[in-house]
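Please keep the sequence and the structure in view while reading.

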Amino acid sequence: MTLPRSENSQERALLVGGIPTGVGSWPGTDPLEAAATIIGELPALPHLVELPERGIGADMIGRVSALLVDLRFDSTTRGYRLADRRTNVSRRARDFLQADLDALEEAWETAGLAGTGHVIKIQSAGPLTLAAEVELPGGHRILTDHGAVRDLSESLAEGLSRHAAEIRKRLGAEVIIQLDEPQIDTVLEGALQGPSILNTIRALPEPDALHILDTVINAQSAPVLLHTCASRPRLTTLGRTAAAAISFDASTITTADLDALGEIIDSGKKIAPGLTPTEPPAEPITWRDVAEPAARLMDRLGFPRTTLSTQVLVTPACGLAAAPLPWARKALALSADVARAFTEDPESWEPR
């Protein structure tokens with residue numbers, strides 16, 4: 001396994017504030033069209049697009065089967081489970097990922113980015129969410145078996161490292177890795193069900209959760225952004241990880257979260273609040289409507305608004321796979337406009 005990395009200034013410089021990026025998923029099934037769109041709309045930090053509409057093996061969980069080392073998934077009526085041999089699911093996942101990488105390489109070259117060292121973001125479900133979602137061959141969740149959780153975390157850590165290295169080689173690019181942990185709240189609260197309604201799974205202690213996350217994060221030679229779309233993001237826990245940045249749906253932040261969020265920013269970590277709606281709003285909105293909650297948040301935290309340009313990235317609230325394509329494009333354009341406003345003079349914005 002890769003030894004824990006020592007993050008240097010060059011690595012930290014890859015993850016900068018005042019820029020827009022996407023969360024990961026996108027509507028449609030055409031990887032080349034999606035790659036070209038993302039590179040065009042998010043030139044500062046494009047990402048490897050996920051297209052879950054293609055079905056099994058292309059969704060957030062199934063896709064990881066293409067990344068794991070010496071582990072693979074099969075499908076069940078409830079989702080995915082570990083398999084002891086290569087399956088149609090793992091083949092589909094690898095085929096989809098290969099098609100996505102080929103499309104990205106073509107779009108990268110067309111945009112004139114090949115060999116330039118430009119930065120790209122890649123995404124993967126994180127170890128806690130995988131352990132919560134994927135079953136052991138006997139039907140219990142991986143989370144119930146400490147040894148299986150360890151094997152999964154180490155396999156994901158090595159697989160992500162190899163995946164990032166392949167992208168660096170193919171594109172001549174630098175890489176940022178995003179870990180998606182939508183199930184982190186459920187895991188820490190003990191709210192997962194087992195194979196039957198009578199079978200519950202105990203809460204995972206926070207120190208164990210941090211160890212599992214950092215097993216994956218510290219194995220990477222790239223900065224890691226830790227993302228959750230949970231309705232109540234566990235910011236205190238997320239901030240204690242080795243991740244260089246924390247991403248969350250900005251609409252979920254309450255007064256109770258302010259201290260934890262302030263500590264994250266004080267520590268030098270970046271934040272990537274999801275500001276742009278993932279669905280078309282009832283009334284038209286402007287960049288100002290999207291940007292002002294972030295400015296007010298800085299005011300409440302006691303940070304100067306210039307922090308928006310140094311430590312804040314702008315994203316949609318979550319993935320855009322379920323959005324109508326016209327709105328998905330609009331959401332990225334709004335995110336770009338907001339990020340541009342963050343780098344200009346947010347202190348001068350008049351209250352509305």
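**Strand 5 and its neighbours**

Strand 4 (residues 174-180) and strand 5 run parallel and are joined by four bridges, where two strands count as paired if DSSP finds at least two bridges between them. The model is a predicted one, in which local features need pLDDT of at least 70 and side-chain atom pairs count only at pLDDT 80 or more, while totals for chains, interfaces and linings use all residues. Residues are numbered from 1 along each chain as its sequence is written, and side-chain values use heavy atoms, with hydrogens and water left out. Helices (H or I, at least four residues) and strands (E, at least two) are DSSP runs, numbered from the N terminus.

*Strand pairing and burial*

- Across from Leu 225 of strand 5 stands Gln 178.
- Strand 5 also pairs with strand 6 (residues 245-249), in the parallel sense and over three bridges, and within strand 6 the bridge partner of Leu 226 is Ile 246.
- In a regular strand the side chains alternate between the two faces of the sheet.
- Strand 5 is covered on both faces, with Val 224 and Leu 226 buried on one side and Leu 225 and His 227 buried on the other; buried means under 20% relative accessible area, exposed means over 50%, and partly exposed lies in between (1.4 Å probe, protein chains only).

*The disulfide*

- A search of the whole structure finds one disulfide, a term that stands for a pair of cysteine sulfur atoms within 2.5 Å.
- This disulfide joins Cys 229 to Cys 318, with an S to S distance of 1.9 Å, and it links distant parts of the chain, since Cys 229 lies in the loop between strand 5 (224-227) and helix 8 (235-239) and Cys 318 in the loop between strand 8 (315-316) and helix 12 (325-342), 89 residues apart.
- The torsion about the S-S bond of Cys 229 and Cys 318 is about 115°, and the disulfide is therefore right-handed.
- Cys 229 is partly exposed at a relative accessible area of 25%, and Cys 318 is partly exposed at 26%.

*Salt bridges*

- The search of the whole structure finds 18 salt bridges, each being a side-chain nitrogen of Lys or Arg within 4 Å of a carboxyl oxygen of Asp or Glu.
- One of them pairs Arg 234 with Glu 189, whose closest N and O atoms are 3.8 Å apart; because Arg 234 lies in the loop between strand 5 and helix 8 and Glu 189 in helix 6 (residues 184-189), the pair ties together parts that are 45 residues apart in sequence.
- Arg 234 has a relative accessible area of 28%, so it is partly exposed.
- Arg 305 and Asp 299 meet through their side chains in a salt bridge of 2.7 Å, N to O, in which Arg 305 counts as buried at 14% relative accessibility, whereas Asp 299 counts as partly exposed at 40%.
- Salt bridges that share partners also join Asp 102, Glu 105, Glu 166 and Arg 170 into one network.

*The aromatic pair*

- One aromatic pair is found in a search of the whole structure, and the rings of Phe 73 and Tyr 80 have their centres 6.1 Å apart and their planes at 40°, so the pair is tilted.
- Rings of Phe, Tyr and Trp (its six-membered ring) pair if their centres lie within 6.5 Å, and planes under 30 degrees apart count as stacked, over 60 as edge-to-face and the rest as tilted.
- Phe 73 and Tyr 80 are both buried.
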